[in-house]
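The following exercises concern the packing of a single protein chain.

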Amino acid sequence: MHDLARELEHVLGRGSVETRARRQQTNAHALSAAALVDAMNRQRAAYGVGPLRLNDTLSLAASDRVGDMMRKRYFDHVSPDGVNPFTWVARRGYRYRMIGENLAVGYASADRVVTGWMNSPGHRANILQKRFDEIGIAFDESAPLRQYSGPLVVAMYGTR
C-alpha cells in the first residue's frame with residue numbers, strides 16, 4: 001500500500017497523496033459464549049465473586065430452550081405450555097442444587113448483553129449469585145417474536 005502511494009506521489013507531486021491505514025475489524029466483545037462468560041466474570045470479580053465456567057450440559061439445556069422459544073414464538077422464562085427453566089436442565093440430566101436463567105434479545109455484543117442484565121435487578125442477581133459456578137449459553141441469530149430483533153441469548157446458571 002505504501003509503495004503504491006510513494007509511486008503516485010512521485011508522479012503527482014509531494015503531498016498530493018493521502019493514505020489511511022485500514023484497520024482490521026475485530027471485536028473482542030462480539031457475541032459468543034466465551035465473550036459473555038468473560039464479561040460476566042469481570043462483573044463478578046468487581047464484586048468479589050468467583051468466576052463462572054462453561055458447562056456443556058447447561059449449554060445443551062440452554063440450546064433446547066432457544067429452540068423451544070423459536071418454535072413456539074415466545075420470549076419468557078416460562079413457555080406457553082408451562083415449562084420452566086428447571087425442566088430444561090433436568091431433561092439434560094444436570095443434577096442441580098440451584099438454577100437460574102437470564103434471557104436477552106436484541107443486543108449485538110457480549111458487553112451490551114451483560115450491561116443490560118446488570119441494569120435489571122433479577123438478571124444482575126443471577127450474574128452476582130455466589131453459589132452459581134457453572135453456566136450454559138445458547139444463541140439464535142433472530143428473535144422469537146416480531147416486535148424484537150435478534151439475536152436471542154439464553155444463559156442457564158447452575159450449582160451442583
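**Exercise 1. Contacts of M40**

Which residues does M40 touch, not counting residues up to four places away in sequence?

Solution. The model is a predicted one: local features need pLDDT of at least 70, side-chain atom pairs count only at pLDDT 80 or more, and totals for chains, interfaces and linings use all residues. Residues are numbered from 1 along each chain as its sequence is written, and side-chain values use heavy atoms, with hydrogens and water left out.

Step 1. Apply the contact criterion, namely heavy atoms within 4.5 Å.

Step 2. With residues up to four places away in sequence set aside, M40 touches L52, V114, W117, I127, I135, I137 and Y157.

**Exercise 2. The nonpolar cores**

Solution. Step 1. A nonpolar core is a set of buried Ala, Val, Leu, Ile, Met, Phe, Trp, Tyr and Cys residues joined through side-chain atoms within 4.5 Å. Buried means under 20% relative accessible area, exposed means over 50%, and partly exposed lies in between (1.4 Å probe, protein chains only).

Step 1. The largest such core has 20 residues, and those with the most contacts inside it are L36, M40, W117, I127, I135, I137 and Y157. Helix 2, helix 5, helix 6, strand 3 and strand 4 each supply at least two residues of this core. Here helices (H or I, at least four residues) and strands (E, at least two) are DSSP runs, numbered from the N terminus.

Step 2. Another core, of 17 residues, lies apart from it; L58, V66, Y74 and V154 are among its members.

Step 3. As background, nonpolar side chains tend to be buried together in soluble globular proteins.

**Exercise 3. The sheet**

In what order do the 4 strands stand in the open sheet?

Solution. Step 1. Two strands pair if DSSP finds at least two bridges between them. The order is 1-3-4-2, and the pairing is mixed.

Step 1. Strand 1 (53–54) and strand 2 stand at the edges with a single partner strand each, so one side of each has no neighbour in the sheet.

Step 2. Strand 2 and strand 4 run antiparallel and are joined by 8 bridges; A104 stands opposite V153 of strand 4. Strand 3 (residues 134–140) also pairs with strand 4 in the antiparallel sense, over 7 bridges. Across that pairing, I137 has A155 as its bridge partner, while A138 stands opposite V154.

Step 3. Both faces of strand 4 are covered: L152, V154, M156 and G158 are buried on one side, and V153, A155, Y157 and T159 on the other.

Step 4. Helix 2 lies across strand 1, strand 3 and strand 4, at about 135° to strand 3. Helix 6 packs on the sheet, where it touches strand 2 and strand 4, and its direction makes about 130° with that of strand 2. For these angles, axes are lines fitted to C-alpha atoms, for helices over the stretch in contact, and the angles run from 0 to 180 degrees between N-to-C directions.

**Exercise 4. Backbone particulars**

Which peptide bond is cis, with omega near 0°?

Solution. Step 1. The cis bond runs from G150 to P151, and P151 is found in the loop between strand 3 and strand 4.

Step 1. R73, although not a glycine, has a positive phi of about 55°. R73 lies in the loop between helix 3 (56–72) and helix 4 (85–91). Because its relative accessibility is 47%, R73 counts as partly exposed.
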